[in-house]
Amino acid sequence: MRAKITYFVLAAVLVVYFVLAGSRGYFLIREGTALTVTFGVAVLVLPGLGIWFLWQTTQFARKADVLSAKLEAEGGLPVDELVRTPSGRIDRDSADEVFARRRAETEDAPDDWRSWFRLAIAYYDARDTPRARKAMQRAIALHEGR
């Protein structure tokens, strides 16, 4: 829950930034000189990219949440069996062991979004966030029939 609150607070701050930057770009364009129009357009590109990135990230999180809820309803969410250090960090060897099982499960059922979802969690636990995101994107695509 704390992660969701943090996400929405940061998203709100970004939206405020986009509005402020966009208004500055608009005012620069209104000045009408070649230099200010060029800078104004450049300033407007950044909020545009930011809005696109925020939208994509929000859609990804929403779709992953839907899969998580569906898997939980089916009783298929992976059980947390990872060994942790006294500080609460996941033990690397434990994460690697679970990852090996999840990878084998995914290789056995490559068209099952559930195995890709569990593999994404294993990647994340093994501190490989880029691959975790790719695996979750694959799970979402399979769930949507793509």
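Student: At 43% relative accessibility, as what does V45 count?
Tutor: This is a predicted model, in which local features need pLDDT of at least 70 and side-chain atom pairs count only at pLDDT 80 or more, while totals for chains, interfaces and linings use all residues. Residues are numbered from 1 along each chain as its sequence is written, and side-chain values use heavy atoms, without hydrogens and water. V45 lies in helix 2 (helices are DSSP runs of H or I, at least four residues, numbered from the N terminus). Because buried means under 20% relative accessible area and exposed over 50%, with a 1.4 Å probe and protein chains only as cover, the 43% of V45 makes this residue partly exposed.

Student: Which helix gives the most to the nonpolar patch?
Tutor: The patch, of about 670 Å², is made by L14, Y17, I29, V41, L44, V45, L46 and L49. The elements that give two or more residues to this patch are helix 1 (2-31) and helix 2 (34-74). With five residues, the element that gives the most is helix 2.

Student: Within what arc do the buried residues of helix 3 fall?
Tutor: The buried residues of helix 3 are S94, A95, V98, F99, R102 and T106. Seen down the helix axis, they line one face, because the directions to their C-beta atoms fall within an arc of 130 degrees.

Student: Which helix is included in what covers the buried residues of helix 3?
Tutor: On the other side of helix 3, D93, E97, E107 and D108 are exposed. Contact means heavy atoms within 4.5 Å, and what covers the buried residues includes helix 4 (113-125).

Definitions and conventions. Patch = residues over 30% accessible without salt bridge, like charges linked within 9 Å, V, L, I, M, F, W, Y side chains within 5 Å. Areas by Shrake-Rupley, 256 points an atom, 1.4 Å probe, with all protein chains shown as cover. Salt bridge = Lys/Arg side-chain N within 4 Å of Asp/Glu carboxyl O.
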